[in-house]
Amino acid sequence: MKNCHRQIIFIALVTLNLIKISVATLFSGNYIQDFIIEYAPNHVYTSPNGRFRTLSLDHDSGSGFASKEKLLLGQFDMQIKLVPGRSAGTVVAFYLKSGDGNNRDEVDFEFLGNVIGKPYGLQTNIFSDGSGNREQRIHLWFDPTKDFHTYSILWNIYLTMFMVDGIPIRVYRNHSDKGVQYPQWKPMNLVASIWNGEGWATRGGKDKIDWSKAPFIASFRNYKVDACFWRGNAGFCRANRPSNWWNNPRFSQLNPWQRKMLIWVRKYYMYYDYCTDHKRFPSLPKECTIAL
């Protein structure tokens, strides 16, 4: 009987530990609690209640913050107001990254500043096992410097979808079964930063940063993270279970309204797609030949 009780207790403890390995959860909404400042703390301002944060760039440094937790799959929303005025050469980024090594995974929003009178560029990119070069660029249908807008990443076992105010602007599907790389095994930190990209960001580097306009300030608020906290068990995060709502099969496809809006964005606002750049890729990447 004692041995039986020991076995029951052992099984219960193992089960409890498995549950603790990974948990699906929401961030608190407080930048102080949920994020660390990665660099240049004197270029980061956080409101006393932790609900609002700015990042600044000047001739000395950019700045950035990253989540304390690593995450594997979920949805990530951030309200951002971009640098006003002449922002050419600046890059504001909101992204997921597994690390800084050559085999990193990464899912990127990059906001490319511009001269006055010209629209911001929004570049998205996907890295899997260090392989990137999957850029798409759009202009936005509003001025992103006038007010906050919500930028979202839905990352699940089926696809990665980029959204602006709930409107899909890009879908990158998991075609790993067809030999296409897809980020799905490495946990990532959620990161935001502002930095000097004048070598390439605006008209291929022709428009440089006007440092007399510094500091360049981007503002962040009202983020929401509903994702799987990494505790060493990829299987838990990838499972189709109620807490992992993003892995429900209904999120493997866009609904009719989402498909309509994605077509609208691609038709009227996309100005670069690596899948149509035959000069850069004489033989197009495999994912470009597979239907969305």
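Because the model is predicted, local features need pLDDT of at least 70 and side-chain atom pairs count only at pLDDT 80 or more, while totals for chains, interfaces and linings use all residues. Residues are numbered from 1 along each chain as its sequence is written, and side-chain values use heavy atoms, with hydrogens and water left out.

Let's start with the cysteines. How many disulfides does a search of the whole structure find? It finds 2, where a disulfide means a pair of cysteine sulfur atoms within 2.5 Å. Take Cys-228 and Cys-237: their sulfur atoms sit 2.2 Å apart. The torsion about that S-S bond is about -70°, so this disulfide is left-handed. Are these two cysteines buried or exposed? Cys-228 is buried, at a relative accessible area of 0%, and Cys-237 is buried at 0% too. For the record, buried means under 20% relative accessible area, exposed means over 50%, and partly exposed is in between, using a 1.4 Å probe and protein chains only.

Now the other pair, Cys-275 and Cys-288, with sulfur atoms 2.0 Å apart. Here the S-S torsion is about -75°, so this disulfide is left-handed. Cys-275 and Cys-288 both lie in the segment after strand S16 (270-273), so the bond ties together parts that are 13 residues apart in sequence. Strands, by the way, are DSSP runs of E with at least two residues, numbered from the N terminus. Both of these cysteines are buried. If you number the bonded cysteines of the chain in sequence order, the pairing reads 1-2, 3-4.

Next up, charges. The structure holds 10 salt bridges, each one a side-chain nitrogen of Lys or Arg within 4 Å of a carboxyl oxygen of Asp or Glu. Let me show you a few. Asp-129 and Lys-186 meet at 3.2 Å, N to O. This pair links distant parts of the chain, 57 residues apart: Asp-129 is in the loop between S9 (121-127) and S10 (136-139), and Lys-186 is in the loop between S13 (167-173) and S14 (189-196). Asp-129 is partly exposed at 43%, and Lys-186 is partly exposed at 23%.

Then there's Lys-178 with Asp-177, at 3.7 Å, N to O. Lys-178 is partly exposed at 42%, whereas Asp-177 is exposed at 63%.

Arg-203 is exposed, at 55%, but Asp-207 is buried, at 12%.

Last stop, strand S11, residues 149-155. Why do we say S11 is largely enclosed by the rest of the structure? Because 6 of its 7 residues are buried. So who are its partners? Two strands pair if DSSP finds at least two bridges between them. Strand S6 (residues 71-81) is joined to S11 by 7 bridges, running antiparallel, and Phe-76 stands opposite Ile-153 in S11. S12 (residues 159-164) is joined to S11 by 5 bridges, again antiparallel. There, Tyr-151 stands opposite Val-164 in S12. A hairpin connects S11 to S12 through 3 residues.

That's my tour, thanks!

Methods
Helices (H or I, at least four residues) and strands (E, at least two) are DSSP runs, numbered from the N terminus.
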